[in-house]
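Please load the model in your viewer and keep a selection tool at hand.

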Amino acid sequence: MMSTPTQMEKTAQHEPRRFDVALAWERFGILAVLVILVILMSVIAPNFLSLTNGLNVARAVSINAILAAGMTVVILTGGIDLSVGSAIALTGVSAVLLWTAGAPAIVAVLGGIIVGALTGLVNGTLIAYLGLPAFIITLGALTYIRGISYSLTNGRPLIASDLGFRGLGNGGIAGIPTPVVIMLLVYIVLWFVLERTAFGRHVYAIGGNAEAARLAGINVKWTLVRVYLIMGACAGLAGVIFAARVESGQPKAGEGYELDAIAAVVLGGTSLMGGRGRIVGTLIGALIIGVLSNGLVLMNVPFFYQLIVKGAVIVLAVGIDGLKNLKRL
């Protein structure tokens, strides 16, 4: 026998759905910020809105975006990796050393990525199995990885004008810069991993509550090792692309890139506390930083003012994230 709907259910069925401003902002706010920023820059800087400039922005953004993709996975677990800027230098130097030693281009590229993955493996193992804070471990790695880069090059750039994989940084596929194509592939793969696999669900669960995740049967330590391994591989890929763009291995490469990557992640809506966020938001966050930087350059804003603006944006993003976390407590 079918039950008849109650008066309350009837009222709910006929009551128009209210537009949830907070939910809409959480889902589409960052995209709205990007659109508004593009419109603003187009008005202020007439050369901004052109296909050539758009491709230049996308090419410039790609390295930070790849780095930020890996950083998203780390931050979703509630961790952090401050060593990725130094990893860019080491992986680029390693790839150029392999190439100049006579290795095929593909071996040099894979070698650089593997070196990056190894730095992540070391970080992840120390953090997961020794229970040491990620901040301390990766801050130490920031220094010793940079030191290795300087020792391998005697402190000088390794110039290789005939670098066999320079197309990786300066080439194009169907009119689209190769780094942009690689960046999009990285985001598609990590989106699938985070949204459609058990590993992705474990990452979110650990970020939400690591102890509850452990009690639920998730191998928290091994998951964390793989998370930092992914971060290292992304840093390796970014480092190889960087070396290909400048056709050299630079021991100073990547300085400050860790802050840009973290800024892109936080701007994209991923919480520094872990457990909440989407990788698509990180891509939009990286684009916002790229558009802002490009617009300031086109307006001939001095470099030190650009740093001030970028720093203010990072502080604002972290502040908004902090307010969100306070509301949830």
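The model is predicted, so to speak of local features a pLDDT of at least 70 is needed, side-chain atom pairs count only at pLDDT 80 or more, and totals for chains, interfaces and linings use all residues. Residues are numbered from 1 along each chain as its sequence is written, and side-chain values use heavy atoms, with hydrogens and water left out.

**Stop 1: Glu195 and Arg278.** Select Glu195, which is partly exposed at 23% relative accessibility (buried means under 20% relative accessible area, exposed over 50%, partly exposed in between; 1.4 Å probe, protein chains only). Its salt-bridge partner is Arg278, with the closest N and O atoms 3.5 Å apart; the term denotes a side-chain nitrogen of Lys or Arg within 4 Å of a carboxyl oxygen of Asp or Glu. The two residues are 83 apart and link distant parts of the chain: Glu195 belongs to helix H8 (residues 178-196), and Arg278 to the loop between helix H12 (257-267) and helix H13 (279-298). Helices are DSSP runs (H or I, at least four residues) numbered from the N terminus. Arg278 is also partly exposed, at 47%.

**Stop 2: Glu211 and Arg214.** The structure holds two salt bridges; select Glu211 and Arg214 for one of them, at 2.6 Å from N to O. Both residues lie in helix H10 (residues 210-215), three residues apart, which means that about one helical turn separates them. Glu211 has a relative accessible area of 42%, and Arg214 has 46%.

**Stop 3: helix H9.** Select residues 198-208, where Phe199, Gly200, Val203, Tyr204, Ile206 and Gly207 are buried. These buried residues line one face of the helix, because they fall within an arc of 160 degrees seen down the axis of H9 (the arc of the directions from the helix axis to the C-beta atoms). Arg201 and Gly208 are exposed on the other side of H9. Which helices pack against the buried residues of H9? They are helix H3 (51-76), H8, H10 and helix H11 (220-246).

**Stop 4: Thr77.** Move to the loop between H3 and helix H4 (84-100), where Thr77 is placed. Thr77 is buried, with a relative accessible area of 10%. Beyond its neighbours within four places in sequence, Thr77 is in contact (heavy atoms within 4.5 Å) with Val203, Ile206, Gly207, Leu224 and Val227. A polar atom of the Thr77 side chain lies 2.5 Å from the backbone oxygen of Val74.

Key:
Polar contact = N/O pair within 3.5 Å; in protein donor to acceptor, adjacent residues only side chain to side chain.
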